[in-house]
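Here are my notes on this model, written up as points for you to check against the coordinates. Have a look at the fold first, then read on.

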Amino acid sequence: MNNLGNATFENYVGATTGFSEMAYQMSAHVLTLGYAIMLAALLYFILTMKTVSPKYRISSVLSVVVMVSAALLLFVQANNWTSSMVFDASSGRYMLGDGNDLFNNGYRYLNWLIDVPMLLFQILFVVTLKRSSFSSVRNGFWFSGVAMILTGYVGQFYEVSNPTLFFIWGTASTLFFFHILYLMKKVIDEGKEGVPPQAAKYLGTIWTLFLVSWMLYPGAYLMPYLFSFSLEPALSETAVVARHMTYTIADVSSKVIYGILLTLTAQELSKAEGFDYDKLDTTS
């Protein structure tokens with residue numbers, strides 16, 4: 001095995017067996033799809049911003065910020081993949097290039113460091129907390145969100161070179177993740193009280209989406225070990241493609257679909273409060 005130090009397992013695969021044409025292209029395409037969807041969603045959130053009452057529009061503004069951040073950093077991530085792997089004519093496979101930058105999942109963590117607090121804050125500008133303190137929940141979201149990303153960021157550097165540290169940092173990140181789940185469940189439960197049935201239904205869907213989509217991230221983090229069924233990472237191209245797909249599905253679900261559901265919730269709440277964009281006089 002090539003000694004690439006703290007490089008992630010994608011680089012070890014690229015340096016040893018390399019990637020088939022299918023595995024390389026599938027990874028490149030799914031990474032490209034990720035930032036393309038963010039750009040499309042950016043347009044949606046801009047165009048729908050005025051369909052909700054002004055008091056809820058900060059949620060749409062935060063969705064716009066998330067889409068811009070995600071599109072830019074995922075674009076860099078996609079380019080990082082294509083620049084780090086080079087086609088080797090003798091083997092017919094894509095190998096880690098000499099002198100090129102290593103592939104680095106750190107770009108995703110930089111994106112999440114910006115996006116996670118924004119995503120968590122968004123719902124606080126849509127629901128009304130009945131018992132909890134807005135500032136207390138907001139601060140809890142910010143602290144645990146940032147801590148979760150930073151500990152995960154450190155841990156991913158050790159996934160091949162030091163599995164023990166990889167799992168220690170991953171466990172620390174997971175503890176903060178569970179705190180976020182606890183806070184989100186509390187926010188949604190309180191937010192569903194006294195709202196129109198359709199708005200409550202959307203909030204219930206948001207909880208299910210949040211729970212499922214955010215659970216995909218630790219799955220992608222653990223992907224090399226899920227394929228090895230041992231404490232040694234699986235250096236397989238299938239695990240690499242699976243990680244790229246899992247991260248992309250998680251990003252689209254937790255950012256785009258989540259933001260759309262929040263917009264739909266805000267529209268229902270706006271209508272209940274007498275603000276109906278469809279009936280506004282747009283000629284004045």
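Is Leu-269 buried or exposed? Leu-269 is buried, at a relative accessible area of 9%; buried here means under 20%, exposed over 50%, and partly exposed in between, with a 1.4 Å probe and protein chains only.

A word on the ground rules. This is a predicted model, where local features need pLDDT of at least 70, side-chain atom pairs count only at pLDDT 80 or more, and totals for chains, interfaces and linings use all residues. Residues are numbered from 1 along each chain as its sequence is written, and side-chain values use heavy atoms, with hydrogens and water left out.

1. Leu-269 and its surroundings. Leu-269 is found in helix α9; helices here are DSSP runs (H or I, at least four residues), numbered from the N terminus. Setting aside residues within four places in sequence, Leu-269 is in contact with Tyr-56, Val-126, Val-195, Pro-196 and Ala-199, where contact means heavy atoms within 4.5 Å.

2. Gln-267 lies in helix α9 and counts as buried, at 18% relative accessibility. Apart from neighbours within four places in sequence, Gln-267 is in contact with Thr-51 and Val-52.

3. The core. The largest nonpolar core has 81 residues. By nonpolar core I mean a set of buried Ala, Val, Leu, Ile, Met, Phe, Trp, Tyr and Cys residues joined through side-chain atoms within 4.5 Å. Phe-19, Trp-81, Ile-123, Phe-141 and Met-184 have the most contacts inside this core. Its largest share, 13 residues, comes from helix α9 (residues 237-272). As background, nonpolar side chains tend to be buried together in soluble globular proteins.

4. Met-184 up close. Not counting residues up to four places away in sequence, Met-184 touches Leu-120, Ile-123, Phe-141, Trp-207, Phe-210 and Tyr-258.

5. α9 against α7. The axes of α7 (residues 197-221) and α9 come within 9 Å and cross at roughly 165 degrees. Axes are lines fitted to C-alpha atoms, for helices over the stretch in contact, and angles run from 0 to 180 degrees between N-to-C directions. That makes α7 roughly antiparallel to α9 (over 145 degrees; under 35 counts as roughly parallel, 65 to 115 as roughly perpendicular, and the rest as oblique). α7 passes α9 in a left-handed crossing, meaning the near helix is turned anticlockwise from the far one by less than a right angle, while clockwise would be right-handed. The contact residues divide into 19 nonpolar, 7 polar and 3 charged. In this scheme Ala, Val, Leu, Ile, Met, Phe, Trp, Tyr, Cys and Pro count as nonpolar, Asp, Glu, Lys and Arg as charged, and the others, Gly among them, as polar.

6. α9 against α2. Here the packing angle is about 10 degrees, with the axes of α2 and α9 9 Å apart. That makes α2 roughly parallel to α9. By class, this contact has 15 nonpolar, 6 polar and 3 charged residues.

7. α9 against α4. The axes of α4 (residues 106-122) and α9 come within 11 Å and cross at roughly 25 degrees, and the two helices are therefore roughly parallel to each other. This crossing is left-handed. Among the α4 residues making the contact are Arg-108, Trp-112 and Asp-115, and the α9 side includes His-244, Asp-251, Lys-255 and Tyr-258.

8. Glu-10, worth a look. Glu-10 sits in helix α1 (residues 9-16) and is buried, with a relative accessible area of 0%. Beyond the four places on either side in sequence, Glu-10 touches Phe-19, Met-85, Phe-103, Asn-105, Glu-159, Val-240, Arg-243 and His-244.

9. Two loop residues. Phe-229 lies in the loop between α8 (223-226) and α9, and at 77% relative accessibility Phe-229 counts as exposed. Its phi is near 55 degrees, a positive value in a residue other than glycine. Most residues other than glycine have a negative phi. Pro-54, in the loop between α2 (21-47) and α3 (57-84), is exposed too, with a relative accessible area of 52%.
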